[in-house]
Amino acid sequence: MFLDDKGQASAEFIFVTLIAVIVIGSLVSVIGSNQAKTQAGDVGGATVMGQKIAETVNTAYINGNGYSLTLNLSTLNSGLNSTANPFVFTAVISNSSGTGVVTVTTGASTVAINLIPTQFNGSAINNLNNNHVYTVTNVNGTIQIV
């Protein structure tokens, strides 16, 4: 007597297929959850880095002519790095529409932080890279980053 005579093989095939679909669905959910956590971590790291850069620039501006600070991005970056997920970013300081802005990009995440000063000068303005040390100086109300 064959299993197909009573429909048992068909019922078992449907049951095994249902279990496979449930297992695959749960794996996709776990993978999606981990990717969302990684993206949230990148946005958080970019925000922290942008706020530290903005704080340094704003402090130099507020303290007046001649005030100078060292911005060590390698020290700031080391707290966000891990061997499994290295934190790599690029920060751009710009003066778009009369407002100073620090834009930090990491992976697919971009965060913009407003600045107090609007006048900038220096070769490092367009790209502040991780693991570099910069000097932020107020020269007559213009921020220079070298």
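Start with a nonpolar surface patch of about 470 Å². Phe 15, Val 16, Ile 19, Val 23 and Leu 27 make this patch. A patch takes residues with over 30% relative accessible area and no salt bridge, and nonpolar side chains (Val, Leu, Ile, Met, Phe, Trp, Tyr) are joined within 5 Å. A salt bridge is a side-chain nitrogen of Lys or Arg within 4 Å of a carboxyl oxygen of Asp or Glu. Areas come from the Shrake-Rupley method with a 1.4 Å probe, and for residues only the protein chains shown count as cover. Leu 27 sits in helix α1, residues 8–62.

A word on the model. It is predicted, with local features needing pLDDT of at least 70, side-chain atom pairs counting only at pLDDT 80 or more, and totals for chains, interfaces and linings using all residues. Numbering runs from 1 along each chain as its sequence is written, and side-chain values use heavy atoms, leaving out hydrogens and water.

Now the whole chain. There are two helices and eight strands, in DSSP runs of at least four residues (H or I) for helices and at least two (E) for strands. The order from the N terminus is α-β-α-β-β-β-β-β-β-β. Of the 146 residues, 27% are buried, meaning under 20% relative accessible area.

Last, Asn 138. It lies in strand β7, residues 133–139. Is Asn 138 buried or exposed? Buried, at a relative accessible area of 2%. A polar atom of the Asn 138 side chain lies 3.2 Å from the backbone oxygen of Gly 64. Asn 138 also touches other residues (heavy atoms within 4.5 Å), including Ala 60, Tyr 61 and Ile 143.

Terms used:
Buried means under 20% relative accessible area, exposed over 50%, partly exposed in between (1.4 Å probe, protein chains only). A polar contact is a pair of N or O atoms within 3.5 Å; within protein, one must be able to donate a hydrogen and the other to accept it, and residues adjacent in sequence count only if both atoms are side-chain atoms. Patches are made of residues with over 30% relative accessible area and no salt bridge: like charges are joined within 9 Å, nonpolar side chains (Val, Leu, Ile, Met, Phe, Trp, Tyr) within 5 Å. Lists of a residue's contacts leave out its neighbours within four places in sequence.
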